[in-house]
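Visitor: I have a chain to look at today. Could you please take me through the structure?

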Amino acid sequence: TEMSPGAVPLTPGSGLEVPPRLAVVMGREVDGVSQEFLQNAAQRVYIPMYGFAQSFNVSVAAALVMASLFHLCPSARGDMASEERTLLRRKWFTALAAPAALPTAAVE
């Protein structure tokens, strides 16, 4: 997200069109995204904030951006079948729980 004059809010009704391919670039709160990235960006967006918040943690901002993009472009969510999703999760969770993936101290 970027608060320059050309940035648009990442909200429904903002007129923002989600392109078929895009890169989401997140910067640190301290110094943001490099000027080189900003100069080459086709579009800059920001997440509107309400209340006393002045900024979001980068992981929170990333989650909000992804959720907003999926809301603006439902076809980006994909159409994976429930059975395939279950199989993938089982495979992934099994790999995560494998002893080789755990630190040595956790195995002992």
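Guide: Let us begin with a term: buried means under 20% relative accessible area, exposed over 50%, and partly exposed in between (1.4 Å probe, protein chains only). By that rule, 12% of the chain's 108 residues count as buried. The model is predicted, and local features need pLDDT of at least 70, side-chain atom pairs count only at pLDDT 80 or more, while totals for chains, interfaces and linings use all residues. Residues are numbered from 1 along each chain as its sequence is written, and side-chain values use heavy atoms, with hydrogens and water left out.

Visitor: What pattern does the chain follow along the sequence?

Guide: The pattern reads β-α-β-α-α-α, with four helices and two strands. Helices (H or I, at least four residues) and strands (E, at least two) are DSSP runs, numbered from the N terminus.

Visitor: Which residues make up the largest nonpolar core?

Guide: Leu10, Leu16, Val45, Ile47, Ala61, Val65 and Leu69 form this core of seven residues. Helix 2 (residues 58-72) gives the largest share, three residues. A nonpolar core is a set of buried Ala, Val, Leu, Ile, Met, Phe, Trp, Tyr and Cys residues joined through side-chain atoms within 4.5 Å.

Visitor: And helix 3, how many of its 16 residues are buried?

Guide: The count is zero, so helix 3 is hardly covered.

Visitor: How far apart are the end C-alpha atoms of helix 3?

Guide: They are 22 Å apart in helix 3 (residues 82-97), which agrees with the span of 22 Å that its 16 residues should have at 1.5 Å a residue. The expected span is 1.5 Å times one less than the number of residues.
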